[in-house]
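Welcome! Here is a short briefing to read alongside the sequence and the 3D view.

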Number of protein chains: 2
Amino acid sequence: MRELEERIRRDGIVEDGDVLKVDSFLNHQMDVELFAAMGREWARLFAGEGVNKILTIEASGIGIACIAAQQFGVPVVFAKKSRTKNIAGDVYHVEIPSFTHGGVSDVIVSKRFLGPGDRLLLIDDFLANGAALEGLLALAEQAGASVAGAGVAVEKAFQPGGARIRARGVRVESLARIQSMGPGHIEFC
Amino acid sequence: MRELEERIRRDGIVEDGDVLKVDSFLNHQMDVELFAAMGREWARLFAGEGVNKILTIEASGIGIACIAAQQFGVPVVFAKKSRTKNIAGDVYHVEIPSFTHGGVSDVIVSKRFLGPGDRLLLIDDFLANGAALEGLLALAEQAGASVAGAGVAVEKAFQPGGARIRARGVRVESLARIQSMGPGHIEFC
């Protein structure tokens, strides 16, 4: 999606260790007009797929997912990072490794909000190693929900997550796919 | 706001210990059409206030804030709960006590996204003891930003946060104010 690529070129900052900072418009300060354009693009790509719910994960997926959901006319469910070690029986639960702070997050969704009747679009801001998206897929599987696909804002295509998830047969629509990057340069696929 | 009050009456669940669960439409599963109606109401209430940015806090404020921001035509900044103990010098920082999981959260906003030129609307899903909103006010104060007011979805008016924050001269617009509640009954102000 040209609009997102241009914004990344203009305002994205590449830092050491394959870090792309897009926090001025995507995941700390958030440009909701850009999000609306992204939502329209996913609605076009997934038209006719019967999506009845969007599933995302806190925190930075939530804003994008909510604005995209307006285009689909469906509710959003966000998977929560639990801070309690007692995971009750009324939730679906996965462990997702974190590359930002190390360790593992316990991520849960109430069983009241996902089930076999659901046809999900998964939404997240980034796809790199794929851990978050694989966590959402595992939650969908536990619920018996079907997955129309995943809408990702920025995919680091030089990291293995996207290829691994597509190899499972999941449709992944990334609006900007980065082939390579370094200080001062960003190359899209 | 009648639409929100009716939804709380219909789908809210009062549990022991003054807990109101509204997770089927507000803060786990999210009804984005309801959020749009809430955003229109805040836009009406704060019209002419010169709001140029919305400030909220992860996680459950983000969706409401993003959809409200569309009505104002402004970006959103969300305050992040930091998991690193090293708070760098390029962020505003407050400690916010948590009544959900006990303890204290370190909450930060990058200095790049708030400053003296900003006129903020604070948005959050709940106002009870006021800790989160007071944290956002402290962040605004550190930034030298002015605050047009706070938009809250659900205020537990029988808890002290709302009165304390209004006593500081901050305009608080809560769309549903609960006067009292118990198993099977919810009374609005």
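In this predicted model, helix H3(A) meets helix H3(B) through Ile62(A), Gly63(A), Cys66(A), Ile67(A) and Gln70(A) on one side and Ile62(B), Gly63(B), Cys66(B), Ile67(B) and Gln70(B) on the other. Sorted by type, the residues of this contact are 6 nonpolar, 4 polar and no charged.

**How the two helices cross**
- Two packed helices are described by the angle between their axes and by the distance between those axes.
- Here, H3(A) and H3(B) each span residues 61-72, and their axes come within 8 Å and cross at roughly 55 degrees.
- That angle makes H3(A) oblique to H3(B).
- The crossing of H3(A) and H3(B) is right-handed.

**Two paired strands in chain A**
- Strand S8(A), residues 119-127, runs parallel to S9(A), and 8 bridges join them.
- In this pairing, Leu127(A) stands opposite Glu155(A) of S9(A).
- S9(A) covers residues 146-156 and is mostly covered, with 9 of its 11 residues buried.

- Look in strand S8(B), residues 119-127, for Ile123(B).
- Ile123(B) counts as buried because its relative accessibility is 0%, below the 20% cut-off.
- Leaving aside residues up to four places away in sequence, Ile123(B) touches a set of residues including Trp42(B), Ile54(B), Leu55(B), Gly61(B), Ile64(B), Leu136(B) and Gly151(B).
- Glu173(B) is 50 residues from Ile123(B) along the chain, and their C-alpha atoms are separated by 9.7 Å.

Note on methods. Residues are numbered from 1 along each chain as its sequence is written. Chains are lettered from A and ligands numbered from 1 in the order in which they are written. This is a predicted model: local features need pLDDT of at least 70, side-chain atom pairs count only at pLDDT 80 or more; totals for chains, interfaces and linings use all residues. Side-chain values use heavy atoms; hydrogens and water are left out. Axes are lines fitted to C-alpha atoms, for helices over the stretch in contact, and angles run from 0 to 180 degrees between N-to-C directions. Helices (H or I, at least four residues) and strands (E, at least two) are DSSP runs, numbered from the N terminus. Angles under 35 degrees count as roughly parallel, over 145 as roughly antiparallel, 65 to 115 as roughly perpendicular and the rest as oblique. A crossing is left-handed if the near helix is turned anticlockwise from the far one by less than a right angle, and right-handed if clockwise. Contact means heavy atoms within 4.5 Å. Ala, Val, Leu, Ile, Met, Phe, Trp, Tyr, Cys and Pro count as nonpolar, Asp, Glu, Lys and Arg as charged, and the others, Gly among them, as polar. Buried means under 20% relative accessible area, exposed over 50%, partly exposed in between (1.4 Å probe, protein chains only). Two strands pair if DSSP finds at least two bridges between them.
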